[in-house]
Amino acid sequence: MSTITALPTSTREIRLASRPTGRPVPENFRLAESPLPELQDGQILVRNLFISVDPYMRGRMNDVKSYSAPFALDAALDGGAVGEVIASRAEGRRVGDAVVHQLGWREYAVLDAAATSVARTDLAPASAFLGALGMTGLTAYAGLLKVAEFKPGDAVFVSGAAGAVGSLVGQIAKAMGASRVIGSAGTPDKVARLLELGFDAAFNYNDGPVREQLAKAAGPAGIDVYFDNVGGEHLEAALAVLNVGGRVAMCGAIAQYNATEPAPAPRNLMLAIGKQLTLRGFLVGSYWHLMGEFAEKAAGWLADRSLQYDETVVDGLENAPQAFMDLLEGANTGKMLVRL
C-alpha cells in the first residue's frame, strides 16, 4: 500500500457515451474527469486498485427494464472494485484498509463506508476479492449447491468453463465429490487449462456440434447437473444429455448478450417434461447470506490448492472499455480485471 500526501480533488472515469447496438464498440465509451465531493461523516475516499468488468454489464447498457437499473448516458459506469482507503471519516475504516465496493470504472471514489466490505488481504491478494473470494466465487458456490442442488456423486457439465465463474464451479464440484466434471471452452489453451484445474474432460465448442462432444465426454452415465453460462446451443445440448431428474442452474447466456434479434429457444425443451428436469435461473444477490459460509470453505480450498483461480489483467483505466469488449469475445481466462 502506498502513502498519498495530497488528496485528489477529481477523478478520471469511464462514461457511457452511447448505447451499443449488438457488439459494443469503442465509440460507446468516453474517458472523462469529474470533481470528487467533499468527504462527509461516515464516508471514505478510496483509490481503486482493480476494477472488474463482467458480462452482466452488457445488459445494463441497454435502456430496458431488467433486474438491475440501466447505466445512464454520459454518466460514469459502475461495478465491482477493490481499493485502498486514503481518507476516512467513518468508524471501522482506516487509512490503508483494502475495501471492496461497487464504484468501479473510475480511479477514485467517495462512498459511504457502509457500502464497502473489508478485503482480507491476509488470506489472498486484493484482486481475489473481485473474483474467487468475492461475487464471482459466491455465484459459483450458490449456483452449484443451492440452485442446482448438487450432491456428491453427481456428474456436472459447465459451459464457459474457463471463465471466472465456470472455472470455480468445476473445481468446487470436484472438491465436494462430483463423479465427473466436464467443461467447454473456446480455445485449445483454455481446454488444456481446464484439465490442469482437475476437470475430468473438456472440449472446444468450436471443434464440432456441442451436443456430440458433450455426449462423448459424458459417456453412457450422462450428466446430472448443468451450470449454464452460455445458453443457446450449449443449453440445447445439455437438455439432450441430462439424466432423469437433472438440474440446470441458469447463470448467464453470453452467447446471446450481443444479439440484435431474439434468440430461438432450445428446440428440445420438451425433454424437460419426460426427464422431469429442473431449470432455475438465479441472481447472486439472492444468496449474499451465504457469503460467510462460502468464504470459510473457499479459504480452506485455497490453502490446500483444491481451488485455484486465473486472472486476465489489463493495465490502465483508459483500457477498461477494450477489456470489457474483449471479455464478451472470450479473450479472458478466469477473471477479467483492470489494474489502475
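Student: What volume does the second largest pocket have?

Tutor: The second largest pocket has a volume of about 440 Å³. This is a predicted model, in which local features need pLDDT of at least 70 and side-chain atom pairs count only at pLDDT 80 or more, while totals for chains, interfaces and linings use all residues. Residues are numbered from 1 along each chain as its sequence is written, and side-chain values use heavy atoms, with hydrogens and water left out.

Student: How are pocket and cavity defined?

Tutor: On a 1 Å grid over the protein atoms alone, a cavity is a set of points where a 1.4 Å probe fits but cannot get out, and a pocket is an open set with protein on both sides within 12 Å along at least five of seven lines; lining residues have an atom within 4 Å of a point. Grid points are joined across faces, edges and corners, and a volume is the space filled by probe spheres set on the points.

Student: Which residues lie nearest the centre of the second largest pocket?

Tutor: V100, S117, F129, G134 and M291, out of 23 lining residues. The elements giving two or more residues to this lining are β5 (98-101), β7 (117-118) and α8. Helices (H or I, at least four residues) and strands (E, at least two) are DSSP runs, numbered from the N terminus.

Student: What about the lining by class?

Tutor: The second largest pocket has 13 nonpolar, seven polar and three charged residues in its lining. Ala, Val, Leu, Ile, Met, Phe, Trp, Tyr, Cys and Pro count as nonpolar, Asp, Glu, Lys and Arg as charged, and the others, Gly among them, as polar.

Student: OK, α8. How far apart are its end C-alpha atoms?

Tutor: They are 18 Å apart, which agrees with the 18 Å that its 13 residues (291-303) should span at 1.5 Å a residue. The expected span is 1.5 Å times one less than the number of residues.

Student: Which residues of α8 are buried?

Tutor: F294, A298, W301 and L302 are buried in α8. Seen down the axis, the buried residues fall within an arc of 95°, so they line one face of the helix. The arc is that of the directions from the helix axis to the C-beta atoms. On the other side of α8, E296 and A303 are exposed. Buried means under 20% relative accessible area, exposed over 50%, partly exposed in between (1.4 Å probe, protein chains only).

Student: What does the buried side pack against?

Tutor: The buried residues of α8 pack against α2 (135-147) and α3 (164-175).

Student: Changing topic: how many cavities of 30 Å³ or more are there?

Tutor: The structure holds one. About 70 Å³ of space lies in the largest cavity. Its lining has 13 residues, with G131, A132, Y309, D310 and K335 nearest the centre. The largest share of that lining, three residues, comes from α3.

Student: What is G177 in contact with?

Tutor: Leaving aside neighbours within four places in sequence, G177 is in contact (heavy atoms within 4.5 Å) with F150, P152 and G153. G177 lies in the loop between α3 and β9 (180-185). G177 and P152 are 25 residues apart in sequence and 4.5 Å apart in space, C-alpha to C-alpha.

Student: Last one: what is phi of D74?

Tutor: Phi of D74 is near 55°, a positive value in a residue other than glycine. D74 lies in the loop between α1 (57-60) and β4 (81-88).
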